[in-house]
Amino acid sequence: MNTSAAATPEPTTAETAFERPNYLNAVYGVRSWLLTRDHKRIAILYLISVTIFFALGSLMAALVRLELLTPEGDLMGPDTYNRVFTMHGIIMVFFFLIPAIPAVLGNFLVPLMIGAKDLAMPKLNLASWYVYNIGAAFTLWAIFNGGVDTGWTFYTPFSTNYSNTYVVSTALGIFITGFSTIFTGLNFIVTIHRMRAPGLTWFRLPLFIWSTYATSLIVVLGTPVIAITLLLVGAERLLHLGVFDPKLGGDPVLFQHLFWFYSHPAVYIMILPAMGVISELVAAFARKRVFGYKFVAFASVGIAVLGFLVWGHHMFVAGESVYAATIFSVLSMLVAVPSAIKVFNWTATLYEGSISYETPMLYALGFIGLFTIGGLTGVMLATLGIDVHVHDTYFIVAHFHYIMVGGTIMAYLGGLHYWWPKISGKLYPNFLSRLSALLVFVGFNLTFAPQFVLGYLGMPRRYWSYPPEFQVLNVLSTAGASILGVGYMLPLFYFIWSMRYGRKSGDNPWGAVGLEWDTTSPPPTENFYTMPVVTQGPYEYNREEVHNRLTQEAPLG
Amino acid sequence: MAEHVTSRKVYFLVFAALIVLTVVTWLVAQVDLGWANDVVALTIAVTKAVLVLLFFMHVRTSTRMTILTATAGFFWLVILIGLTLADYLTRGSSWLPVPGK
Amino acid sequence: MASSPLAHGAHHHPALAHQFDTMEQQKESSTLGMWLFLVTEIMFFGGLFLTYVVYRSRFPAAFLLASNSLNVLLGGINTAVLIGSSLTMALAIWAAQVNWRKGIVIFLLATIGLGSTFLVIKGFEYHDKFVEHHVPGPNFNFVEENPNVHIRQIAARDPNLGRHASIFFSLYFIMTGLHATHMVIGIAVLIVMVVLSWKGKYDARYYNPLEMTGLYWHFVDIVWIFLFPLLYLLGAHAAR
């Protein structure tokens, strides 16, 4: 994006970017990191935290898949298995998937992308990281004391009356971490409204900002409801203030209404930032404006709003009335529309683009395919007749993993690979990164495609043992999981390696267009040497240059 | 920057109105009006809340963004309660008899 | 708004944070931030109001009778006390706007006083409920020990009356307890505001934290405005 002549950044070579102070080397010492107000450093702090929890959640997943190698329950007892899959869900949902892209990439990029010096409330930003860790500490304490066995969904009355595990401390941990997310969401909304650079109107914003904004709306409106729901569970367990207890006349389905009112929009908290990343990747690596920019922008907000109207589709067989179920079914099909619009628009962006298959693009292309599968199976599940049969089977498990892993995690990795040079000023090894992307893609599909079949054939979820005829598919799934695991571990090594030994990247190794690329890599603490003034829309790739190159190299038609 | 300084007189008037409305809601509650009791009580409560919002919380002189934010919050509460009641009010309904429901 | 170069010699208000260009931008940002937080509070209490609506519609008789056992006079006095505290809070901000430092302190102290009065009265109410065995749990007893013959008669026909009443009381304690917790937090913040105001930190040019505290306090008042009729006035028309 062009900035006015007076605001061009001081030209730097790859070497000089490191000679002048940037946010990484401006101040040294543990205190300068733990007490930082710089959104970029806070993003790195979050990166460390969520990576630790991702590793923990993956360990739980590995235990699940190991147990499911054989039909009998032989690796662990049934109670332990319940705890393992519950902790896998809780850790992955609340401590990785919800914070990852907003708190890592969002925190780092939002001020840069809008030409601001920092977020609106830097101290609140730091506080949100500490709150995350306090909440995480409660949950970790619960894990080390045996965890919870209720499923990440905490359904009553099991969680309130019968479970003998550390429900309250886990719920408290999630409750506290919810505030971390709320603080971040508040910060983003205020920042995007009030701190855009001069000339940066709403429709000149990068689509990552639109997605982050829509995500923050969901966070502010939805997260408090899970907070009160968990509080009610705690009150019932600790103080016997029974509200969900059927013996007193309470309705367990009311818990489910309250729980899913947040937890369904929560999945949009997980996918919207990912979609924002994909918009950026597709534009950068097709060197082309995103097709239908306004449609994609409005679709983000549309998903955020519609996502609040569909929660009952988790309760089709739980006891809600058939009329409510029908309403929720229709609304659920509606919410697929804006997501589909985005997929069409990304595809149209690729058409006649100058596509390069760098690692971030590999992840983006993988996302588009896998998210489509996950999304289509979602429409299948919105159909009452189908859901009655596949609810609580591996079909559901496969559906949401296609979206959360094939979607969100791939977008997160793609975004990390794309912005890593901006964050660290270094390049990672090309071959290893592409190999990881391939391993992730292959491993993922091998893990979860068989689960669609398993679910369709009737294997229930959360079961510790299963009939022998399901073993082959389960073995395939576990094999895939091990490949996936390798694919995840490689970036951990080469990212850390690159910080010390990687080649310096220069300010804009991808030749991408965006305010964040108009400053040095890594950026200075104040983000820009001269605050930018915006005069053009986003993704202003030089179409003529691209067109000429295309017609010279590969005549169309 | 122009600051809207609400006068003390307005604040005292709003206070008086709120007290009066509280007494009214208590009085009306003494009479059995059936379902109308709830309607009246909620209407009075909403009126009191709006007075607090407009005058004490300065929404009357706030930016459009503030008004939109406050409205959205209450609207979302309506969604939460309304769509959930779509379940509770239609359980055991006989409009479209479905076996087992 | 012109872009501000970083190395500026412009004169800024000491309270202007580095990420903002003007005081107005800072004020609008902090106000918007506080309103967004209040939206989260609306949804937080909203879950409880939903629960109330659902169970009230299911067990109208039990809710009515249980509500009757609450002290409407104390609840009414508390309502007036809280409305009064909103008045004094608004006046504290007015005092800042007219540069009356002492006035800010006086009105904030009045707000704290009224808020504390509310909590004391609440304490008496809770004590009464405890003594009457209306606190859900192992000691809960709404029907058998109830001096009101009427209730025992209804319970003879509806054996679930006691259990359903316990749901009302659970909601009563959770909703008023959460509300009271918010008041305690509010009073703590107000104490900090008193100290800072006394030191002269706030005047007509800068009083954002007071405004934000006021927004929070008024919101807590609004919650009570709804709690009072829903919890206390349900059965006011029924014979005791």
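How many residues of chain B are in contact with how many residues of chain C? The legend to View 1 answers this for a predicted model, in which local features need pLDDT of at least 70 and side-chain atom pairs count only at pLDDT 80 or more, while totals for chains, interfaces and linings use all residues. Residues are numbered from 1 along each chain as its sequence is written, and chains are lettered from A and ligands numbered from 1 in the order in which they are written.

**View 1. The side of chain B that touches chain C.** In this pairing, 39 residues of chain B are in contact with 36 residues of chain C, two residues being in contact if their C-beta atoms, placed from the backbone, lie within 7 Å. The elements that contribute two or more residues to this side of chain B are α1 (8–29), α2 (36–56) and α3 (64–88) of chain B, where helices (H or I, at least four residues) and strands (E, at least two) are DSSP runs, numbered from the N terminus. The largest share, 14 residues, is supplied by α3(B). By class, the side of chain B that touches chain C holds 25 nonpolar, 10 polar and four charged residues; here Ala, Val, Leu, Ile, Met, Phe, Trp, Tyr, Cys and Pro count as nonpolar, Asp, Glu, Lys and Arg as charged, and the others, Gly among them, as polar.

**View 2. The side of chain C that touches chain A.** Here 36 residues of chain C are in contact with 37 residues of chain A. Two or more residues each are given to this side of chain C by α1 and α6 (161–198) of chain C, and the largest share, 17 residues, comes from α1(C). The residues on this side of chain C divide into 18 nonpolar, 16 polar and two charged.

**View 3. Chain C and its overall dimensions.** Chain C contains seven helices and zero strands, and its pattern along the sequence reads α-α-α-α-α-α-α. Its radius of gyration, taken over C-alpha atoms, is 23 Å, well over the 18 Å that the globule rule gives for 240 residues, so chain C is more spread out than a compact globule; that rule is 2.2 Å times the number of residues to the power 0.38. Along the principal axes, the C-alpha atoms of chain C fill a box of roughly 80 × 35 × 30 Å. Of the 240 residues in chain C, 48% are buried, and among contacts between residues at least 6 apart in sequence, 77% join residues at least 24 apart.

**View 4. The pairing of α1 and α7 in chain C.** The axes of helix α1 (residues 23–58) of chain C and helix α7 (residues 208–232) of chain C come within 10 Å and cross at roughly 15°; axes are lines fitted to C-alpha atoms, for helices over the stretch in contact, and angles run from 0 to 180 degrees between N-to-C directions. The two helices are therefore roughly parallel to each other, given that angles under 35 degrees count as roughly parallel, over 145 as roughly antiparallel, 65 to 115 as roughly perpendicular and the rest as oblique. Their crossing is right-handed, a crossing being left-handed if the near helix is turned anticlockwise from the far one by less than a right angle, and right-handed if clockwise. Residues of α1(C) including Met34(C), Trp35(C), Leu38(C) and Phe45(C) meet residues of α7(C), among them Met212(C), Leu215(C) and Phe219(C). By class, this contact has 10 nonpolar, three polar and three charged residues.

**View 5. The pairing of α13 and α15 in chain A.** The axes of helix α13 (residues 359–382) of chain A and helix α15 (residues 394–424) of chain A come within 8 Å and cross at roughly 160°, and the two are therefore roughly antiparallel. The crossing of α13(A) and α15(A) is left-handed, and the residues of their contact divide into 15 nonpolar, 11 polar and no charged.

**View 6. Val513 of chain A.** Val513(A) is found in the loop between α17 (471–501) and α18 (543–553) of chain A, and is buried, with 21 other C-beta atoms within 10 Å. The C-alpha atoms of Val513(A) and Ala284(A) are separated by 7.2 Å, although these residues stand 229 residues apart along the chain.

How values were computed: Buried ≥ 20, exposed ≤ 12 C-beta atoms within 10 Å, placed from the backbone.
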